Structures are given as C-alpha cells and as structure tokens.
Amino acid sequence: MLDVRRVRSELDVLKAGLARKGADTAELDRLAELDGRHRRLAERRDEVRAKVNHLSKEVGRLRREANHEGAEARMDASRRLGEQEKALAAEAEQVAAELRDLLLRIPNLPADDAPDGVDEADNVVVRVVGHDHEAFGDHQRVPHWEVGGALGILDLERGAKIAGSMFPLYRREGASLIRALTAWALHSHADAFEEIRPPTLVRTATITASGQLPKFADDAYHLERDDLWAIPTAEVPLTSMAAGEILAEADLPMRFAAATPCYRREAGSAGRDTRGLLRVHEFEKVEILAYCTPEQAVTVHAELLGRAEGLVGDLGLGYRVLDICTGDLGQSQARQFDLEVYAPGCDQWLEVSSISWFGDYQARRADVRYRHRDDAKVGFVHTLNGSALAWPRIWAALVETGRQPDGSVVLPEVLSPWLGGTTTIGASPVG
RNA sequence: GGAGGGAUGGCAGAGCGGCCGAAUGCGGAGGUCUUGAAAACCUCUGGGCGUGAGCCCCGCGGGUUCGAAUCCCGCUCCCUCCGCCA
C-alpha cells in the first residue's frame with residue numbers, strides 16, 4: 001500500500017502516477033479526506049485521553065495521601081471525560097477502518113521508467129532471443145495437446161473427470177518432465193537462493209499482504225470451513241516470511257526459491273485459452289523472490305530477470321522479453337518484465353515468467369522492514385519476485401518444439417540427469 | 001478431537017490494579033584506562049502516530065475500572081499428556 005502521508009504532501013504526484021496506470025484518481029481525494037478526518041478525530045481523542053490519564057494519576061496520588069474527597073472529585077471528572085473519549089474513539093476507529101480498507105485497494109505507483117500505455121498491446125518488446133520463425137518444420141506445427149495425447153503423456157480427459165476442465169493430468173514421461181524441471185530449476189538457483197517449501201494454504205492476512213486480497217478475492221480458491229486460501233503463487237507465502245520483522249541491512253538482499261503448486265480460479269477468463277495447458281487452474285511453478293534495500297532493487301530486478309532468461313535459454317527455447325506498460329501492470333507492481341516462449345505447435349508466444357518489482361508496496365502491507373547499517377533507522381524493504389519458471393507452458397513449448405518427424409519428442413539435454421538419462425519420449429527404433 | 005500449562009524488550013527473566021514503556025542479567029553501541037587487546041568502570045541501547053503538548057503498543061481483539069502488563073471473556077500461537085493419523 002501507499003504511504004498515507006504522501007497524500008498530504010504530494011497528492012498531485014500520486015494522482016499523476018495512478019493516472020499512468022489508468023486507475024481512478026478520485027480515490028486519492030477520498031483517501032485525503034478520510035486521512036484528514038481521522039487525524040482530527042485522533043487528535044481530539046488523544047487530548048481527552050491525556051486528561052483522563054492525568055486525572056487517574058492524581059487519584060492514585062491522592063489516595064496514597066488519604067485525601068478521599070479529592071480522589072472522589074477526580075474520579076467523577078474522569079468518568080465524565082471517559083464518556084467523551086469512548087465516543088471519539090469509536091468514531092476515529094470507524095474512519096480508520098474505512099481508511100485501511102481504501103488504502104488496501106489503491107494500486108501501487110508505476111516506476112518512472114515503466115513504459116506508458118493502456119493495455120497489453122502497448123507492452124514493449126525489449127529483445128527477442130533465439131527465435132527464428134522460419135526454422136520450424138511441419139512436424140513441429142502440432143499443438144501439444146495432440147502430441148501429448150498421442151504419446152500418452154497428457155490425459156486432459158481424465159484430469160477433467162477427476163477435478164474438472166483445466167485441471168491437467170500428466171502421465172509417465174509427461175509427469176516425470178514436470179518433476180525434472182522443478183528439480184533442475186531449484187538446483188540452478190541453489191547457488192544464491194535458499195530453497196523453501198512453504199505452506200500452500202494460507203491465512204487471509206498472508207494473501208492480503210502480497211496484494212491479491214481484498215480486491216481480487218474472486219481469483220483465488222478459498223476453503224471456507226477453515227478460512228484458508230490456496231496460493232496462486234509462491235510469492236504469497238514467501239512475501240510474508242519476514243512479515244512483522246525488522247531485518248539487518250547486512251542480510252540484504254535475502255533470496256528465496258520455492259517450488260509449489262499454484263491455484264487460480266481464472267474467473268473472468270472463461271472461454272479463453274481453454275485448449276491444452278495454456279490456462280489451467282492448478283499448475284506447478286518455481287518462484288524466486290528477494291527482499292532488498294531500495295538502492296539494491298534495480299540490480300536485483302535485473303538479476304531475477306537474468307535467472308529466468310538463463311533457464312529458458314538453457315532449455316533451448318526461443319523467447320522474448322516484454323517491458324510491461326503502465327496500463328498492463330498489476331495492482332502491486334511498479335515495474336514488470338514478462339518472458340514469453342514461442343510454441344510452434346499452437347503458434348503462440350506463451351507467458352512463462354513475470355519478473356516484478358514492487359517497491360515498498362508489499363513490504364508495507366506485510367510490515368517487512370530493515371535497519372540501516374549507518375544510522376540504525378528503520379525503513380521498509382523492497383520486494384521483487386519472478387517465476388523461474390511456470391511449467392505447463394514450458395511443457396507445451398518443449399513438447400511442440402521437440403517433436404520429431406516420427407512423432408517422438410526430444411527434450412533438452414540439460415534435463416537428462418533429471419530424467420534418468422533419457423531425453424526422448426516415444427522413440428521408435430531409429431531406422 | 002479431549003485435558004492441562006504458557007506467551008513481557010535482540011535473548012533470558014521479574015513485575016501487590018496506580019509511583020511500569022516496564023527491574024535485573026546477558027548480548028549490542030560508544031567512552032575511560034591500555035603500545036594494542038582483555039578485564040574493570042561509565043553512558044547509551046524497542047516500535048509506531050502526531051508540527052507539538054501528547055497518544056498508542058507487555059501475543060491479538062473485546063470487556064470491567066477514575067486507572068489494566070496485572071482482573072474477566074474470545075481468538076491465535078507454543079509446550080506437555082491422551083486419542084487419531086501420512
């Protein structure tokens with residue numbers, strides 16, 4: 001969330017920022033109004049409290065001096081003030097609640113260097129790597145749901161039978177491939193990222209801290225009976241790992257990597273990308289996340305992007321990097337790069353990673369702070385995270401790209417150690 | 001699921017309803033002393049709101065009271081035992 005105080009000193013700056021995101025700037029006026037009301041009420045409440053505190057102290061003193069009439073008089077006066085205090089406190093609390101709720105819904109400001117734009121059409125292609133549109137043969141122009149079905153490694157029908165559409169079921173080498181990708185990716189990050197296996201059902205406070213709630217509750221699975229939320233990404237538990245803590249600057253940046261299942265209701269996208277693995281309710285993903293100082297943020301952002309690109313490159317997939325425009329940024333993001341791989345079978349660029357910088361927006365929600373090395377002052381950390389990587393679309397791109405003229409699929413050599421030495425699926429004897 | 005016990009500052013640990021934002025010890029920072037270090041001694045050492053007087057925070061949220069770390073209720077978490085269980 002934003003720092004409310006900025007609404008008092010630089011309202012115009014906030015409005016300009018939110019306007020770039022295409023957000024409703026009138027909410028800032030309401031925020032300013034609530035903030036002003038709350039401060040006035042709190043001030044009056046505190047004045048009354050101060051009097052009550054003072055009178056109560058006197059009661060104690062007078063009692064000790066056996067001055068019972070004096071004590072009684074103070075108690076009467078204090079009792080009357082108490083009524084006032086109660087009313088003022090209730091009013092202040094109500095305004096504070098409104099303020100909190102509004103604050104949680106107001107988006108983050110975009111970074112200055114995020115490209116302006118209104119929707120995904122305005123995203124900027126920063127670079128295209130290892131892609132040659134003409135290089136694919138007809139044997140690669142088969143969508144992965146057909147390849148997977150023919151090889152018996154993807155069984156969408158049975159997935160649907162068990163859980164519904166968009167709940168994929170992988171078989172044999174198809175299932176092993178997911179496991180291999182996860183092991184390989186975690187291993188690749190192990191040099192700098194602490195591996196975490198977090199809970200995947202979390203409290204309301206946890207999923208609110210990273211920004212999914214309260215605004216996007218419909219997108220998440222909720223277990224009502226236990227009031228727990230199924231995480232849509234490991235970003236959610238990882239962001240709250242240090243919630244309520246004050247970290248030492250010397251420990252920053254802190255880097256974490258986690259492989260988890262991710263659950264998304266995909267409300268509002270019904271009918272889009274329903275074939276195959278392009279959009280699913282449950283999938284596995286390796287997420288990398290960092291807490292750092294504001295000064296480190298740009299470097300760490302580049303580092304995370306480099307990590308994701310490195311993996312895609314090592315898999316031998318062609319990809320492009322998009323600089324997400326202000327209008328397409330999520331609520332919490334200040335800057336975001338997307339990685340898209342090219343899948344020849346469905347002839348589409350598939351988003352397989354989103355590497356985001358949140359500034360202190362999430363840190364304020366989660367209350368993650370750090371103590372400066374020099375002056376011991378406390379400030380909010382910056383959070384960054386990215387997928388590295390999300391597997392269903394990688395699975396699709398690998399299967400389509402690796403398809404041979406004989407219908408078998410050859411996977412990248414880097415996965416060999418994680419696949420028991422075989423990189424070929426459905427090989428017919430070479431003849 | 002059942003029965004108990006607990007939650008206080010970085011850690012340990014005290015705290016008759018008022019003089020407690022909180023003793024004491026350890027840890028940490030600075031200083032004196034020393035060629036340097038150790039030891040000893042001295043000082044400092046939680047977070048937040050408010051321009052300020054001031055206000056809030058002793059797990060969280062309510063309540064009682066003139067006044068709550070202290071009393072009452074609810075919740076969360078931790079520990080012990082029983083039951084169940086991958």
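What share of the contacts in chain A with a separation of 6 or more comes from residues 24 or more positions apart? Such residues account for 73% of these contacts, a contact being a pair with heavy atoms within 4.5 Å.

This is a predicted model, in which local features need pLDDT of at least 70, side-chain atom pairs count only at pLDDT 80 or more, and totals for chains, interfaces and linings use all residues. Residues are numbered from 1 along each chain as its sequence is written, chains are lettered from A and ligands numbered from 1 in the order in which they are written, and side-chain values use heavy atoms, with hydrogens and water left out.

**Stop 1: chain A as a whole**

Along the principal axes, the C-alpha atoms fill a box of roughly 110 × 45 × 45 Å. Of the 431 residues in chain A, 50% are buried, where buried means under 20% relative accessible area, exposed over 50%, and partly exposed in between (1.4 Å probe, protein chains only). Chain A exposes about 20,400 Å², and carbon and sulfur atoms supply 49% of that area; accessible areas come from the Shrake-Rupley method with a 1.4 Å probe, and for residues only the protein chains shown count as cover.

**Stop 2**

Of the 21 residues around RNA strand B, the nearest are R8, S56, R63, S78 and R79. On the RNA side, sugar and phosphate account for 69% of the atoms that come within 4 Å of the protein.

The residues of this surface divide into 13 charged, four polar and four nonpolar. Here Asp, Glu, Lys and Arg count as charged, Ala, Val, Leu, Ile, Met, Phe, Trp, Tyr, Cys and Pro as nonpolar, and the others, Gly among them, as polar.

- R5: an N or O atom of its side chain is 3.1 Å from a phosphate oxygen of RNA strand B.
- E43: an N or O atom of its side chain is 3.4 Å from a base oxygen of RNA strand B.
- R369: an N or O atom of its side chain is 3.1 Å from a sugar or linking oxygen of RNA strand B.

The elements that give two or more residues to this surface are α3 (26–64), α4 (68–105) and β12 (369–371). The largest share, 11 residues, comes from α3.

**Stop 3: helix α2**

Select residues 11–20, which form helix α2, and colour L14, G17 and L18, which are buried. These residues lie on the same side of α2 because they cover an arc of only 95 degrees around the axis, the arc being that of the directions from the helix axis to the C-beta atoms. What covers the buried residues of α2 includes α1 (6–9) and α3. Just after α2, G22 takes a positive phi of about 75 degrees.

**Stop 4: backbone details**

Which residues does the cis peptide bond with an omega of about -5 degrees join? They are L252 and P253, and P253 is found in the loop between β6 (246–248) and β7 (254–263). A cis peptide bond with an omega of about 5 degrees joins A388 and L389; L389 lies in strand β14 (residues 382–390).

Now select D347, in the loop between β10 (335–343) and β11 (348–357). Although D347 is not a glycine, its phi is positive, at about 50 degrees. D367, in the loop between α11 (361–366) and β12, is likewise not a glycine and has a positive phi of about 60 degrees.

**Stop 5**

Move to helix α12 (residues 391–401), where nine of the 11 residues are buried. Among them are W391, W395 and E400.

Finally, select W184 in helix α7 (residues 172–189). W184 is buried, with a relative accessible area of 5%. Not counting residues up to four places away in sequence, W184 touches L311, D314, L315, W391, V414, L415 and W418.

Terms used
A residue is near a molecule or strand if one of its heavy atoms lies within 4 Å of it. A polar contact is a pair of N or O atoms within 3.5 Å; within protein, one must be able to donate a hydrogen and the other to accept it, and residues adjacent in sequence count only if both atoms are side-chain atoms. Helices (H or I, at least four residues) and strands (E, at least two) are DSSP runs, numbered from the N terminus.
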